[in-house]
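Take a look at the model below.

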Amino acid sequence: MKEFPIIINEVKDGKYETKRLSLQTKDDIKKKVVRAREISKYLNANNYEKYCICSDCALGPLSCPKMADISKKEIEKYPFITTGFQVIDIYQNIDDIKYSDSELGDCEYERTERNNGLRIEKFVISKCRKFKGRM
């Protein structure tokens, strides 16, 4: 089995938490579709919300800072989001990671800030103070 690291940034009722995990696959971890499949399996197995309310919001990119950002920021940079999560595929951000071990398996890592934002695999919002339902 090959391991690849992910970060899950989560906010529940305004409280932030970061989880650093290693997921496993027997397939080629260099393929994004393989990592995306394993991330989805993990999220489903751990009862993470699947539906993002952003698509039902009437605000759109002109009024919502999250929607306006082409490169999404970390979830805590959007204080109006009260419940939701984002998954950062560390392997996809490999140029931004300093590994303390040469192997990608079970290792310590540190993310550095990207100039053009993070490459976020999944970003799901369940509750938002800015949400406006469509008429």
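The paragraphs below start with the strands and end with the cysteines.

This is a predicted model: local features need pLDDT of at least 70, side-chain atom pairs count only at pLDDT 80 or more, and totals for chains, interfaces and linings use all residues. Residues are numbered from 1 along each chain as its sequence is written, and side-chain values use heavy atoms, leaving out hydrogens and water.

Start with the sheet. It is open, and its 4 strands run in the order S2-S1-S3-S6 with antiparallel pairing. Strands (E, at least two residues) and helices (H or I, at least four) are DSSP runs, numbered from the N terminus. Two strands pair if DSSP finds at least two bridges between them. Strand S2 (15–25) and strand S6 (120–128) are the edges, each pairing on one side only. On average, neighbouring strands are turned by 15 degrees against each other, direction ignored.

Now look at S3 (residues 81–89). It runs antiparallel to S6, and 7 bridges join the two. Val87 has Lys122 in S6 as its bridge partner.

Helix H1 (residues 32–45) packs on this sheet, touching strand S1 (2–12), S2, S3 and S6. Contact means heavy atoms within 4.5 Å. The direction of H1 makes about 125 degrees with that of S2. Such angles run from 0 to 180 degrees between N-to-C directions, with axes fitted to C-alpha atoms, for helices over the stretch in contact.

What about disulfides, meaning pairs of cysteine sulfur atoms within 2.5 Å? The structure holds 0 of them. For Cys52, the nearest cysteine sulfur is that of Cys54, 3.5 Å away. For Cys128, the nearest is that of Cys64, 6.0 Å away.

Conventions. A disulfide is a pair of cysteine sulfur atoms within 2.5 Å.
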